[in-house]
Amino acid sequence: MIVTREKPLDEILGYIWPFTKILIAGCDGCVHPPRGLREAKTYALMIEMAGKAKGKQFECIPVTVAKQCDNNIVYTSLQSYINEVDAVLSLACGVGVQVIVEVFPDIPVFPAQNTVFMGSQPKEGAIFYEKCRACGECLLGYTGGICPVTRCAKSLLNGPCGGQVNGKCEVGGWVRDCAWYLIYQRLKKLGRLDLFEEFRPPRDQRIASSPREVGGLVR
Amino acid sequence: MGEGEYGMRVNENLCGGCGICVSICPYEAITLDEEKQRAVLDLEKCMFCGLCASSCPSGAIEVAYYELDELCDYVKKAVDAGKRVLAITCRGSTPPEEELKRMLEAHSINADEAAVVTVPCAGRVRMEFLLKSYTLGVEKAILIPCEADYCRFKRGSTASVKRVALLRSLLATLGIGEDWLVLAQSARRAEVDAYRCQGCGRCALTCPYEAITINPPGIAEVDASKCMGCGLCLAVCPAFAISIKGFEYDEISQRIRSEASKYVSAKTREKPAILLLCCQWSEYTALDEAREGKALDNVCVVELPCASRVDSLHIIEALSLGFDGVLVVACRKDECKFEDGNLKAEERISALKEFLSQVGLADRVEIAFVSPKYLSEFRDSLSKFVEKISSLSP
């Protein structure tokens, strides 16, 4: 899922300060922790309380959108509110914020989150770990399902560097696992150490250069 | 009670050392002193279900709450008021009004004629009390314990079911007729509104009983045989898609809203408006008084199945409505009737406090860990909290 962190409330207040009626748009899509209706209501109350304390009366309308990355869903979900409000605060990832801007170009839209990475959480309330950097050329088939691009601090593609000690990475002080150590152990377990002997040409970095576009035709 | 601050004690003069309490205690909190042939209570292990007290043949175990005399008084008053049917429900599964009505009607009882007594565990009701009720003029009694696998005290429900069977045969022998006493069972379990569910999986990851799965195309499903009704899933669901009858987000939210004006307008510097979100197992008297409509000192009490049901949004709502402080009342650390619901609540409260610190309200939310077996613990925590809130600038 797409992992986001809350922005400090003061930063959000800074964006919306010139406006009074704010549409708080949650997203029920892949943003995590989930920022649906509960979060929209939470932010509505927090903003109103914070405004009151500073002498400003905000009026917030909390709603949620099934997927803020879909122009059509954004339009149908928000269109009935958009003329009543002065600004939109999106609780989605950076994609959601930009889609709302595209769909409703006449209204200011602000982010309530910092989108941090694509990752996972082993259990509720636990730490989120980055798992994928959308590099555009997936290597997981060669690396035992462990991503060196994301999980090696140096994104090395040809094995561990000299900073690896007892399977731990020098970056951050030998606390995190060395991705290449994990890859080696896993391929050994799978009996596929032969994959290390296979020649692989250097990566084509152009694939990952922004802004990227891919075709969207469905079979 | 006379025994310091504890709510339960063994009266050594009455105890005959039969050992029934030792075998029935679900928590191995009672042992037999071989030498003296007396039961010994380990208050640290005791969860305060009262099963020992209700099964003691000599009435040697004294409990501070729901004593025989107190319950009989209640019944007497009810009978005088024309309520000739006695319905005993368990705190953990008491059905909401409408459902209770249906349940009573199924046993051809008119709900308006029923006096409802709610006890922390149906298993703590003595057979003696039921017989006394008969002599007091009760025409029919219905005991509604939890469903067997739903009992918060492991054996309370089973014990009460067996007692009903025993009593019914006794009633038949006495010529009263076994139908004087009937049995119904109840449970409050989580239900998913498939229309609202977004399939995020948070409930499934959170459920301490692994009772929730996400089925394709992404809708949560609760396995009723595993759900214990703690309500943690309700508190974390981002879409308000899960409900437990009586403890739904909307239901509690409306209660806080409708009561807010009363408490907020009555607040003073000495009597701030306080909201208590109270686990139904951590405190008895305040909750009973709230059920009867008696208010504590400007303290609004909301009962929850477990502290883990505490919803951060309810707390934020209460603060925005003008409550000066919100106290979450949870069971003592090792006494949760579920799976560490109190500790999970503590974690979530600390995260909420950090969030609230952005608007300067972190100090107005606290969690207290108390047990009804220490009689003054709850009142002490509450007054400490009220004192702290009074000292904050408004």
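User: What makes B:Glu366 and B:Lys388 a salt bridge?

Analyst: In this predicted model, the side chains of B:Glu366 and B:Lys388 meet at 2.3 Å, N to O. The cut-off is 4 Å between a Lys or Arg nitrogen and a carboxyl oxygen of Asp or Glu. The pair therefore qualifies. B:Glu366 sits in strand β16 (residues 365-370) of chain B and B:Lys388 in helix α13 (residues 377-391) of chain B, so the bridge ties together parts 22 residues apart in sequence.

User: Why are B:Glu366 and B:Lys388 called partly exposed?

Analyst: Buried means under 20% relative accessible area, and exposed means over 50%. B:Glu366 has 24%. B:Lys388 has 28%. Both values lie in between, so both residues are partly exposed.

User: What makes B:Glu259 and B:Lys262 a salt bridge?

Analyst: Their closest N and O atoms are 3.7 Å apart. That is within 4 Å, so the label holds. Both belong to helix α9 (residues 249-265) of chain B; being three residues apart there, they are separated by about one helical turn.

User: Why do B:Glu259 and B:Lys262 get their accessibility labels?

Analyst: B:Glu259 has a relative accessible area of 18%, which is under 20%, so B:Glu259 is buried. B:Lys262 stands at 51%, which is over 50%, so B:Lys262 is exposed.

User: How do you know that B:Asp288 and B:Arg91 form a salt bridge, and which parts of chain B does the pair tie together?

Analyst: The N to O distance is 3.3 Å. The limit is 4 Å, so the pair counts. B:Asp288 lies in helix α10 (residues 285-291) of chain B, and B:Arg91 in the loop between β5 and α4 of chain B; the pair thus ties together parts 197 residues apart in sequence.

User: Are B:Asp288 and B:Arg91 buried or exposed?

Analyst: B:Asp288 is at 15% relative accessibility. B:Arg91 is at 1%. Each value is under 20%, so both residues are buried.

User: Why is B:Gln280 called buried, and what does B:Gln280 touch?

Analyst: B:Gln280 has 0% relative accessibility, under the 20% limit, so B:Gln280 counts as buried. B:Gln280 is found in the loop between β13 (274-279) and α10 of chain B. Residues up to four places away in sequence aside, B:Gln280 touches B:Arg91, B:Gly92, B:Phe247, B:Leu287, B:Glu303, B:Leu304 and B:Pro305.

User: Why is B:Thr94 called buried, and what makes its link to B:Thr89 a polar contact?

Analyst: B:Thr94 is at 9% relative accessibility, under 20%, so B:Thr94 is buried. The side chains of B:Thr94 and B:Thr89 are joined at 3.2 Å. The distance limit is 3.5 Å, so that contact falls within it. B:Thr94 is placed in the loop between β5 (85-90) and α4 (97-106) of chain B. Not counting residues up to four places away in sequence, B:Thr94 touches B:Thr89, B:Thr118, B:Arg188 and B:Arg291.

User: What makes B:Asp311 and A:Arg38 a salt bridge?

Analyst: The closest N and O atoms of B:Asp311 and A:Arg38 are 2.4 Å apart. That is within 4 Å, so the pair is a salt bridge. Between chain A and chain B the count is one salt bridge. There are also eight residue pairs in polar contact across the two chains (both at pLDDT 80 or more). Helix α2 (residues 37-53) of chain A gives nine residues, the largest share of the side of chain A that touches chain B. That side of chain A divides into 11 nonpolar, three polar and seven charged residues.

User: How many residues meet, and what area is buried between chain A and chain B?

Analyst: The contact takes 21 residues from chain A and 23 residues from chain B. The buried area is about 2,000 Å², with carbon and sulfur atoms giving 65%. A:Arg38, A:Met49 and A:Glu124 supply 37% of the area that chain A buries against chain B, more than any other three residues.

User: Which residues have the most contacts inside the largest nonpolar core?

Analyst: They are A:Ile24, A:Ile47 and B:Ile315, in a core of 139 residues. Helix α2(A) gives the most to this core, with eight residues.

Methods. Residues are numbered from 1 along each chain as its sequence is written. Chains are lettered from A and ligands numbered from 1 in the order in which they are written. This is a predicted model: local features need pLDDT of at least 70, side-chain atom pairs count only at pLDDT 80 or more; totals for chains, interfaces and linings use all residues. Side-chain values use heavy atoms; hydrogens and water are left out. Contact means heavy atoms within 4.5 Å. Buried area is the accessible area (1.4 Å probe) that two parts lose on being put together, summed over both. A polar contact is a pair of N or O atoms within 3.5 Å; within protein, one must be able to donate a hydrogen and the other to accept it, and residues adjacent in sequence count only if both atoms are side-chain atoms. Helices (H or I, at least four residues) and strands (E, at least two) are DSSP runs, numbered from the N terminus. Ala, Val, Leu, Ile, Met, Phe, Trp, Tyr, Cys and Pro count as nonpolar, Asp, Glu, Lys and Arg as charged, and the others, Gly among them, as polar. Buried means under 20% relative accessible area, exposed over 50%, partly exposed in between (1.4 Å probe, protein chains only). A nonpolar core is a set of buried Ala, Val, Leu, Ile, Met, Phe, Trp, Tyr and Cys residues joined through side-chain atoms within 4.5 Å.
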